Amino acid sequence: MPSSSPAILPVSNSESQPQIPLSSFASHLFLSLRHAFSRRRPWPELLDRSAFSKPESLSEATLRIRKNYTYFRVNYFAIIALILAFSFFSNPSSLFLLIALLSSWIFLYLFRPSDQPLVLFGRLFRDSEILIGLVVFTACVIFLTSVGSVLVSSLTAGAAVVCAHGALRSPDDLFLDEQEVNSTGFLGLFAGAPSAAASAAPSGA
């Protein structure tokens, strides 16, 4: 009798690329924000009235803004964030729409496991369809509701406050080391932040 070939076990292709858990992302974000905020300058130094003077020209005002932004950038972003928070808390409907928008991106796209398809009303939605729907929803929320106007007005007000302070505050008494100069910009706020993924890795690996 011919020998029977061994049974071939079915290979499952359901393995998906590992997703970043929402809790790990939130922990990493919290650590990064705490690290960035720890690099802020003392608020009395920011508000030192003796250091305020009128710039003699537009070029001097621009140079002051650049130097003060490099030195006080964490404080400046904190001020803009406070203005944004105040604006949205003053407009509860806009705050609700913004939370709904962010929640939609988080739970329907960013942190939805790829091996768990989205099924609504008996219909299966692909990732491309979900992305298109979220983009359309984002455009509607920003351009057809008060969310866009609140964002624009609060960011404009924040930028005006920052520019006014940067132009009027003399930076002659400010000193920056080379590392701080090279880490300017928004992403420079989080330079050197502790990695939550590394801290979550098992030590006995």
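1. The second largest pocket of this predicted model has a volume of about 160 Å³, where a pocket is an open set of points on a 1 Å grid over the protein atoms alone at which a 1.4 Å probe fits, with protein on both sides within 12 Å along at least five of seven lines, and a volume is the space filled by probe spheres set on the points. Residues are numbered from 1 along each chain as its sequence is written. Local features need pLDDT of at least 70, and side-chain atom pairs count only at pLDDT 80 or more, while totals for chains, interfaces and linings use all residues, and side-chain values use heavy atoms, leaving out hydrogens and water.

2. Leu84, Phe88, Leu95, Leu98, Ile99, Leu102, Leu151 and Leu155 form the lining of this pocket, lining residues being those with an atom within 4 Å of a point. H4 supplies the largest share, four residues, and the lining comprises eight nonpolar, no polar and no charged residues.

3. Helix H4 (residues 92-110) packs against helix H6 (residues 146-168) at an angle of about 100°, with their axes 9 Å apart, which makes H4 roughly perpendicular to H6 (angles of 65 to 115 degrees). In this packing, Ser93, Ser94, Leu97 and Leu98 of H4 meet Ser146, Val147 and Val150 of H6, contact meaning heavy atoms within 4.5 Å.

4. Val141, in helix H5 (residues 127-144), is buried with a relative accessible area of 4% (buried means under 20%). Leaving aside residues up to four places away in sequence, Val141 touches Leu97, Leu101, Val147 and Gly148; Leu101 is 40 residues from Val141 in sequence and 7.6 Å away in space, C-alpha to C-alpha.

Note on methods: Helix = DSSP H or I, 4+ residues; strand = E, 2+ residues; numbered from the N terminus. Buried < 20%, exposed > 50% of the residue type's maximum accessible area, 1.4 Å probe, protein only. Axes fitted to C-alpha atoms, helices over the stretch in contact; angles between N-to-C directions. Parallel < 35°, antiparallel > 145°, perpendicular 65-115°, else oblique. Nonpolar A, V, L, I, M, F, W, Y, C, P; charged D, E, K, R; others polar.
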